[in-house]
Amino acid sequence: MDREYDALIVGARVAGATLAILLGDAGYRVLLVDRAAFPSPTLSTHYFRGGRGVTVLKRVGVLDAVLARGCPPLTCQYNYRDGEAEPVVNPAQSPGEIDYCLSVRRETLDYLLVQRARRCPSITLLENTRVTAVMQEQGRVVGARLMMPEGERAVWAGITVGADGRRSFIAHAVGAPDEESDDAYRAVYYCYLRDFPGPGGKAPDGPEFSRIEDEIAYVFPSDDGVACVALSVNLPTFRWLRQRPRERFGERIVAHRGLAGRFAAATCEGRLLGCGPERNYVRVPIGPGWALVGDAGMHQDPWSGHGIDKATVHATLLADALAQWFSGRVSEQEALASYHAQRNEDGLASYRQTVVLAKDLRQLAAE
Ligand SMILES: Cc1cc2nc3c(=O)[nH]c(=O)nc-3n(C[C@H](O)[C@H](O)[C@H](O)COP(=O)(O)OP(=O)(O)OC[C@H]3O[C@@H](n4cnc5c(N)ncnc54)[C@H](O)[C@@H]3O)c2cc1C
């Protein structure tokens, strides 16, 4: 059977859309599918760093469109020790040459990436399309079966990539083993607030991090003038909080003295959102005819905010490796092994650090 596509990419958010754009721009035939239709929200806060995710947005040509949505460049950060009222001002984390970090709601960010992919002639985008089975021949993945609104369809591809997130269908279908696995230690709640100025009432120019014991409250100034206010809590606090989430979330946020007054004065938009404890893992991200990128291959507790940076940076590593293989410079095995090694070199240290600290954020005081 002829391959219809060089790459079938399952999942069209930060990992999948980034990979599709890079391969599509290089002239490879890409089928990008997602069971969602964009714009589409997803459960996630969305702070990412200048030298990481922001640099990738620039590389794929969506940074200007993202900035046009009004997300302030985050050129510094504010840290409140022990929930104190006054912050220490620190430089932005990993700002890179771009020199600022960003926070962009996922409905906005993912949509702008998908729109960019849609404009690339060698990418076919199918929304409302779910992958229901992986097709294999002689131990090699050769494509997948899709369930579309029009009915079922089989697709053959040189590589099938799972960019399908934490509950990756592709990872399960190919039996991708864990390289590392750790229990869940924390949960996150967050909401959006309007009229939430920066510290001292000035225009927001940095994220805010306020730690009290084993809990962190965050403020991420985001697109369209909203601030994302979030709370990472340990499991006993999660069990207490989830009984009356809205009321107890507010109770915890106002315990952070640097945020309390602005939180009380701001207008909440929409619901309180929450994500319970989720296992941490690193999966083997490659095999014959398949690869995993983003959360499908590596997921760590969100408290440290590394997921978008890794999804986008690792998509560039995979795109570069696949281009080497597709152009005949290296074999498939060499290309995928090189991606695996580079992904781990980039991501393992922060995975491990995130998991160790997730057990008790009081360890941050010693850092
Ligand atoms: C509460 C919370 C807060 C977070 N905060 C931050 C933060 O501040 N900063 C940060 O960097 N990271 C954060 N993260 C992590 C971040 O959300 C993830 O790392 C990131 O979304 C991973 O992107 P992805 O593209 O790999 O997968 P996802 O964003 O999960 O996208 C996967 C896509 O695959 C599609 N899909 C799944 N299965 C199928 C199928 N069978 N067929 C077709 N499509 C399918 C889904 O519809 C989805 O669109 C947070 C996560 C959570 C839960």
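Reader: Which residues come nearest to the ligand?
Author: This is a predicted model: local features need pLDDT of at least 70, side-chain atom pairs count only at pLDDT 80 or more, and totals for chains, interfaces and linings use all residues. Residues are numbered from 1 along each chain as its sequence is written. A residue is near a molecule or strand if its C-beta atom, placed from the backbone, lies within 6 Å of it. Of the 36 residues around the ligand, the nearest are Gly11, Ser44, Gly165, Gly294 and Gly307.

Reader: Which element supplies the largest share of the shell around the ligand?
Author: Elements are DSSP runs numbered from the N terminus: helices are H or I, at least four residues, and strands are E, at least two. Helix 1 (14–25), strand 3 (47–48), strand 8 (130–137) and helix 9 (307–326) each supply at least two residues of the shell. The largest share, four residues, comes from helix 9.

Reader: What is the radius of gyration of the protein?
Author: The radius is taken over C-alpha atoms, and the globule rule is 2.2 Å times the number of residues to the power 0.38. For 367 residues, a compact globule would come near 21 Å. The protein agrees, with 21 Å.

Reader: How far apart are the centres of domain 1 and domain 2?
Author: The bounds come from an automatic or database domain assignment. Domain 1 covers 5–69 + 105–182 + 279–366, and domain 2 covers 80–99 + 186–275. Taken over C-alpha atoms, their centres are separated by 28 Å.

Reader: How many residues of helix 2 are buried?
Author: A residue is buried if 20 or more other C-beta atoms, placed from the backbone, lie within 10 Å of its own, exposed if 12 or fewer, and partly exposed in between. Among the buried residues of helix 2 are Arg52, Val54 and Leu57. Helix 2 is largely enclosed by the rest of the structure, because its buried residues number seven of the 10.

Reader: How far apart are the end C-alpha atoms of helix 4?
Author: The expected span is 1.5 Å times one less than the number of residues. Helix 4 (residues 106–118) has 13 residues, so it should span 18 Å. Its ends agree with that, at 17 Å.

Reader: Which peptide bond is cis, with omega near 5°?
Author: Most peptide bonds are trans. Proline 39 lies in the loop between strand 2 (30–33) and strand 3. The cis bond runs from phenylalanine 38 to proline 39.

Reader: Is asparagine 128 buried or partly exposed?
Author: Asparagine 128 is found in the loop between strand 7 and strand 8. Its phi is positive, about 50°, although it is not a glycine. It has 13 C-beta neighbours inside 10 Å, so it counts as partly exposed.

Key: Two residues are in contact if their C-beta atoms, placed from the backbone, lie within 7 Å.
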